[in-house]
Amino acid sequence: MIKVSTYPIFNTIITVFSYIALNLLLMIIIGYLTIDSEANTNSQIGAYLLSFFIPYFIASRTLEMPSKERVLKFGSGFILFILLSFIFAGIPSSFNCGLVPCLLISTFILYIGDKLFE
């Protein structure tokens with residue numbers, strides 16, 4: 001049996017893939033609630049609420065982590081999603097559907113999250 005702790009490259013690979021999977025999941029949740037063809041006002045309100053409470057929960061569990069590291073680990077998918085939505089959907093439609101404001105709220109809460117608990 002392979003001991004994972006003796007091979008630090010396995011730990012790094014597992015950590016990177018878990019951060020990628022978490023970022024994709026967060027992107028899918030916000031994207032589905034805002035830019036889906038069936039998205040209505042209720043789902044957009046849900047997207048705004050989740051874009052506050054999910055990063056708030058992440059920040060509450062990672063208080064010892066510096067803000068920039070938290071945004072890099074948990075918010076890199078949001079930043080990538082903003083850039084991709086500007087390229088593929090255009091800036092006006094990205095703002096009109098509520099995607100960009102939700103992603104900016106999420107990134108902002110991730111950055112200042114530790115200050116909310118002082």
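Reader: Which helices do the buried residues of α3 pack against?

Author: Please keep in mind that this is a predicted model. The buried residues of α3 pack against α1, α2, α4 and α6. Those buried residues are Ser67, Arg70, Val71 and Phe74.

Reader: What puts them on the same side of α3?

Author: Look at the arc they cover around the axis. It is only 95 degrees, which puts them on the same side of α3. On the other side, Lys68 and Leu72 are exposed.

Reader: Where is Thr62, and what makes Thr62 count as buried or exposed?

Author: Thr62 is found in the loop between α2 and α3. Its relative accessible area is 9%, and buried means under 20%, so Thr62 is buried. Leaving aside residues up to four places away in sequence, Thr62 touches Arg70 and Phe74. Both Arg70 and Phe74 are among the buried residues of α3.

Reader: Why is the contact between Glu69 and Lys73 called a salt bridge?

Author: The distance from N to O is 2.8 Å. The cut-off asks for a side-chain nitrogen of Lys or Arg within 4 Å of a carboxyl oxygen of Asp or Glu, so a Lys and a Glu at such a distance qualify. Glu69 and Lys73 both lie in helix α3 (residues 67-74), 4 residues apart, about one turn of the helix.

Reader: Why does that spacing matter for which way residues point?

Author: An α-helix has 3.6 residues a turn, so residues three or four places apart point the same way.

Reader: How do you know whether Glu69 and Lys73 are buried, exposed or partly exposed?

Author: Compare each value with the limits: under 20% is buried and over 50% is exposed. Glu69 has 30% relative accessibility, so Glu69 counts as partly exposed. Lys73, with a relative accessible area of 23%, is partly exposed too.

Reader: How many salt bridges does the structure hold?

Author: It holds 2 salt bridges. In one of them, the side chains of Lys115 and Asp114 meet at 3.7 Å, N to O. Lys115 is partly exposed at 49%, whereas Asp114 is buried at 17%.

Reader: What makes the pair of Phe52 and Phe53 edge-to-face?

Author: A search of the whole structure finds 5 aromatic pairs. Phe52 and Phe53 form one with 5.0 Å centre to centre and 80 degrees between the planes. Phe52 is partly exposed, with a relative accessible area of 29%, and Phe53 is partly exposed with 48%.

Reader: Why is the pair of Tyr56 and Phe117 called tilted?

Author: Their centres are 4.9 Å apart and their planes are at 35 degrees, so the pair is tilted. Stacked would need planes under 30 degrees apart and edge-to-face over 60. Tyr56 lies in helix α2 (residues 41-61) and Phe117 in the segment after α6 (99-112), so the pair ties together parts that are 61 residues apart in sequence. Tyr56, at 31%, counts as partly exposed, and so does Phe117, at 33%. Ring pairs link Phe52, Phe53, Tyr56 and Phe117 into a cluster.

Reader: How do you know whether Cys97 is in a disulfide?

Author: The structure holds 0 disulfides. For Cys97, the nearest cysteine sulfur is that of Cys102, 8.5 Å away. Cys97 is buried, with a relative accessible area of 17%, and Cys102 counts as buried at 0%.

Reader: Which residues touch the most other members of the largest nonpolar core?

Author: Of its 17 residues, they are Ile30, Phe78, Leu99, Leu103 and Leu110. The elements giving two or more residues to this core are α1 (8-35), α2, α3, α4 (76-88) and α6.

Reader: What does Ile30 touch?

Author: Not counting residues up to four places away in sequence, Ile30 touches Ala47, Ser51, Phe78, Leu99, Cys102 and Leu103.

Terms used. Residues numbered from 1 in each chain as written. Predicted model: local features only at pLDDT ≥ 70, side-chain atom pairs only at ≥ 80, totals over all residues. Heavy atoms only, no water. Buried < 20%, exposed > 50% of the residue type's maximum accessible area, 1.4 Å probe, protein only. Phe/Tyr/Trp six-rings, centres within 6.5 Å; stacked < 30°, edge-to-face > 60°. Disulfide = S-S within 2.5 Å. Core = buried A, V, L, I, M, F, W, Y, C linked by side-chain atoms within 4.5 Å. Contact = heavy atoms within 4.5 Å. Arc of directions from axis to C-beta.
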